Amino acid sequence: MPHIHNQPDQHDMTVSAFVLRKEGGNWQCLVHMHKKIDKLMQVGGHIELTETPWQALAHELGDETGYNLPDLEILQAFEDVPELGDPIVHPLPFLINTHNVGNNHFHSDLCYGFVAKEEPTGVQADGESTDLRWYSIDELEKLQAKGLAVEDAVRIYKTLIERLPNLHRVDPTLFSLLKPIKGIVYRRGEPGSY
């Protein structure tokens, strides 16, 4: 999706999926060769105006990697998912950051961590980068030093791996992809006016 807020000093909300898998006793990080910047980075994208952050993450994961939520475990600070009734509970990102993407434009990115349980069960969407790769953090750091990987992505993967012992693997399908049904009635207007 294109940038929504494209005036000077504006920013867009984005989601990123930092996907890990264990291979030979070591953690491997999923990256793809981004078609526009020609560097390796995590998968993700813009939150569309009609999406919740969790819906955006699910669609970006599927489109860019072929991973469906049941193929993965999401890394969370808590083992359980609270039930709140009508409000929809979303998983917590392990990190949120704002970065400059050039031309005085910013992205505020919700970074979610995942562990791949198996190979993707879906198929990548047409037009997406098909250059998906798995690297250890050491390999990614060497690629970043050569200018082939986005520095922020490598640092965030390293941060995620360092914090793995404090995170719980949770079934991501426990978090609903639906939107709430009930609305709030505001005192000064009609339902839904704000």
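A residue is called buried when its relative accessible area is under 20%, exposed when that value is over 50%, and partly exposed in between, using a 1.4 Å probe and protein chains only. Keep that in mind for this tour of a predicted model, in which local features need pLDDT of at least 70, side-chain atom pairs count only at pLDDT 80 or more, and totals for chains, interfaces and linings use all residues. Residues are numbered from 1 along each chain as its sequence is written, and side-chain values use heavy atoms, with hydrogens and water left out.

Select Phe18, which counts as buried at 0% relative accessibility.

A search of the whole structure finds five aromatic pairs. Rings of Phe, Tyr and Trp (its six-membered ring) pair if their centres lie within 6.5 Å; planes under 30 degrees apart are stacked, over 60 edge-to-face, and the rest tilted. Here the ring centres of Phe18 and Tyr157 are 4.9 Å apart with planes at 75°, so this pair is edge-to-face. Because Phe18 lies in strand S1 (residues 11-23) and Tyr157 in helix H3 (residues 151-163), the pair ties together parts 139 residues apart in sequence. Helices (H or I, at least four residues) and strands (E, at least two) are DSSP runs numbered from the N terminus.

**Stop two: Trp54 and Phe114**

Next, select Trp54 and Phe114, a stacked pair with 6.5 Å from centre to centre and 15° between the planes. Trp54 sits in helix H1 (residues 53-65) and Phe114 in strand S7 (residues 105-116), 60 residues apart. Both Trp54 and Phe114 are buried.

**Stop three: the core**

A nonpolar core is a set of buried Ala, Val, Leu, Ile, Met, Phe, Trp, Tyr and Cys residues joined through side-chain atoms within 4.5 Å. Select Val19, Leu57, Leu61, Phe114, Leu140 and Tyr157: of the 45 residues in the largest core, these touch the most other members. Which strand gives the most to this core? S7 does, with six residues.

Zoom in on Val19. Leaving aside neighbours within four places in sequence, its contacts (heavy atoms within 4.5 Å) include Leu61, Phe114 and Tyr157.

**Last stop: Ser16**

Return to strand S1 and pick Ser16, buried with a relative accessible area of 4%. What joins the side chains of Ser16 and Gln42? Look for a polar contact of 2.9 Å: a pair of N or O atoms within 3.5 Å, where within protein one must be able to donate a hydrogen and the other to accept it, and residues adjacent in sequence count only if both atoms are side-chain atoms.
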